[in-house]
Amino acid sequence: MAVQKEHDVVIDYGDPAVTNGVSVFDAAFDELFAYDGDDLGMRYTPEETRFRLWAPTASEAKVMLYPVWACTFAEEMEMTRDVGGTWILHLEGDYKGIGYKYKVKVGEQWNEAVDPYAAAVGINGDRGAILDFSATDPSHWTKDKPPLHSPVDAVIYELHVRDLSIHPGSGISHPGKYLGLAEEGTKGPKNIPTGLDHIRSLGVTHVQLLPVYDYSTESVDESRLDLPQYNWGYDPKNYNAPEGSYATDPYEPSVRITEMKQMIQTLHDKGLRVIMDVVYNHVYDWYLINFTKLVPGYYLRYKEDGSLSNGAFCGNEFASERKMGRKFIVDSILHWVKEYHIDGFRFDLMGLMDIETMNEIRQRLDEIDPSIITIGEGWNMNTVLMAEKRANQMNARQLPGIGQFNDGLRDAIKGSIFIHENKGFISGASGFENDIRKGIAGGIEYNGKLRQFAVEPVQSVNYVECHDNHTMWDKLVLSTEGRTDDERQKMHRLGSAIILTSQGIPFIHAGQEFMRTKNGVENSYKSPDEINWLDWERCAAHPSDIRYMQQVIRLRQEHSAFRLRTAAEIREHLEFEETPVGSVAFTLRNHAGGDASKHLYILYHGSPGESIITLPDLGKWSVLFGEEEVHELQMQLMTLSGIGMVVLSVES
């Protein structure tokens, strides 16, 4: 989410003499003026620095050089028009450490802008920086990363860099920083492990970071870090450079780069992959953003009346379907993979992006490393982009290998996120059993009655809470008036267990393992630290809940039947069983995955009362998980009570 400003302006879309009268909204524009080279932006060597800018509607273009960062005076160097709507400048000599911006004349107006391709920026991202990127690598910097054979083998842990370490009890010496996530051996209240050690202890495979690209100064001013400031970062400013507020020195452009790389390397060394949350669906401020200054009217979507399309509810939408818009997104993704060794991407409001762009991203990543994960929010948003071109759930068949968040399973588990008092399966509401079954099957077309959007299980990202909306604990507090915290604790555990034992890609929110609360705040994107931090006091008070999460994650990892690769395998091995209302059960049968168990029986019991369950006659069942809920197990009968999950097994 981003905070927008309204501007009453007139945009000059270019000099007709430059474009021969072709409008930037004309379909022919991309064919005439698109550039397909791989050298946009700045390229540095000690012998020379090269610039290439795409600005086809400009009649003049310059590079502005700032020898001293604090200096407002710039030396202006004329650029030369080149192929594909680009302008170039070659500077001989060593310009390392110099700041730069572009200046273009569009119509009768001169605009100054940061290079959209700038991969290094100074304080608050207001200027690009000429750097030797090979000198930004940490002393230990390898391409080695933990193995991943399929996205369904992942367990994703969503985290905000600042949240992890800013609590006074974190025991972390770099609170709120990239380096804070790279610290080992940190201890918190009651001597519990915190930070990286805590994350590792859970058994997750991926850390998904809320935006770590450079975001708006109006959200967090890097020059005023002594003041209380907080933001999730969904307001992009410079897409290809790290956010400076997470660095120990936001003034020196190389520091944020080196420290982010050091963080990633440490996570890789400790067996964790890294997913970036990226926001290519909209820009922070449409009028002030660099794209609009350089090529007005091109990079954003407009309605027929000339107003901005606003499916993002952030004031604008990025025109990913335009050739140079698509090229920028793809180039940006590849930059993070090649320069920072990023292992995956979560696309904010992916439903506003077009199918062709998402498939090109997937194709280019497959060429580099097929194990890089791509997931996104496939909501169907109100946009001028034609429905058949939107990268959303309804078009999942055209988006192979791209996961989409399963909001149907989320709402079935805990109730509607929009109607706060509504209950879900775990809180005792009736009628959600089939929706739970759909999620268990990984969102695929399991049969004529059970189907969601997914073609294959890798397309379903299963979650019950994330940074958006209420945490699961806060939702339960709002929707279960009169119930005790002990009862809510059992509901909460069951919600997490459903996510981790369903087919598809499981996703958990940082702090979910100790029942994270934001004190009822629904949308905490700019709330203070006290609302957003990982509360290590609360973590220390919930050791049994953390052990529960560890055990369920280990259960998933030890039994490959929970991680079936294809829809065909799911239909072959997963069978739903008869159970009383308020419960759902299924078996995973005859899965030849090398596990000790030949058959598994999984029961989600959403009722606090007692149930007698008839088990399928597949052999001698024994309790693998959930002994507390099971009162008696004899042959094909099981008696249990209380809200929770039970897993039984028949050994091979």
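## Largest pocket

Three elements each supply at least two residues of the lining of the largest pocket: β1 (41–44), α8 (323–340) and α9 (355–368). Helices (H or I, at least four residues) and strands (E, at least two) are DSSP runs, numbered from the N terminus. α8 gives the most to this lining, with 10 residues. The model is predicted: local features need pLDDT of at least 70, side-chain atom pairs count only at pLDDT 80 or more, and totals for chains, interfaces and linings use all residues. Residues are numbered from 1 along each chain as its sequence is written, and side-chain values use heavy atoms, with hydrogens and water left out.

The largest pocket has a volume of about 910 Å³. Of its 33 lining residues, Asp38, Leu40, Arg43, Tyr117 and Asp331 are the closest to its centre. A pocket is found on a 1 Å grid over the protein atoms alone; it is an open set of points where a 1.4 Å probe fits, with protein on both sides within 12 Å along at least five of seven lines, and lining residues have an atom within 4 Å of a point. Volume is the space filled by probe spheres set on the points, which are joined across faces, edges and corners. By class, the lining has 16 nonpolar, five polar and 12 charged residues. Ala, Val, Leu, Ile, Met, Phe, Trp, Tyr, Cys and Pro count as nonpolar, Asp, Glu, Lys and Arg as charged, and the others, Gly among them, as polar.

## Second largest pocket

The second largest pocket has a volume of about 640 Å³. Its lining has 28 residues. Nearest its centre lie Leu349, Glu377, Trp379, Asp468 and Asn469. This lining divides into 15 nonpolar, five polar and eight charged residues.

## Helix α12

Helix α12 (residues 472–479) is mostly covered, with six of its eight residues buried (under 20% relative accessible area, 1.4 Å probe, protein chains only). The buried ones are Met472, Trp473, Asp474, Lys475, Leu476 and Ser479. Their cover includes α10 (407–414), α13 (485–501) and α15 (536–541).

## Strand β27 and its partners

Strand β27 (residues 644–651) is also mostly covered: seven of its eight residues are buried. It pairs with strand β22 (residues 597–605), antiparallel, through eight bridges. Pairing requires at least two DSSP bridges between two strands. Ser597 has Glu651 of β27 as its bridge partner.

Strand β24 (residues 622–625) also pairs with β27 in the antiparallel sense, over three bridges. Here Ser622 is the bridge partner of Ser649 in β27.

Key
Buried means under 20% relative accessible area, exposed over 50%, partly exposed in between (1.4 Å probe, protein chains only). Contact means heavy atoms within 4.5 Å.
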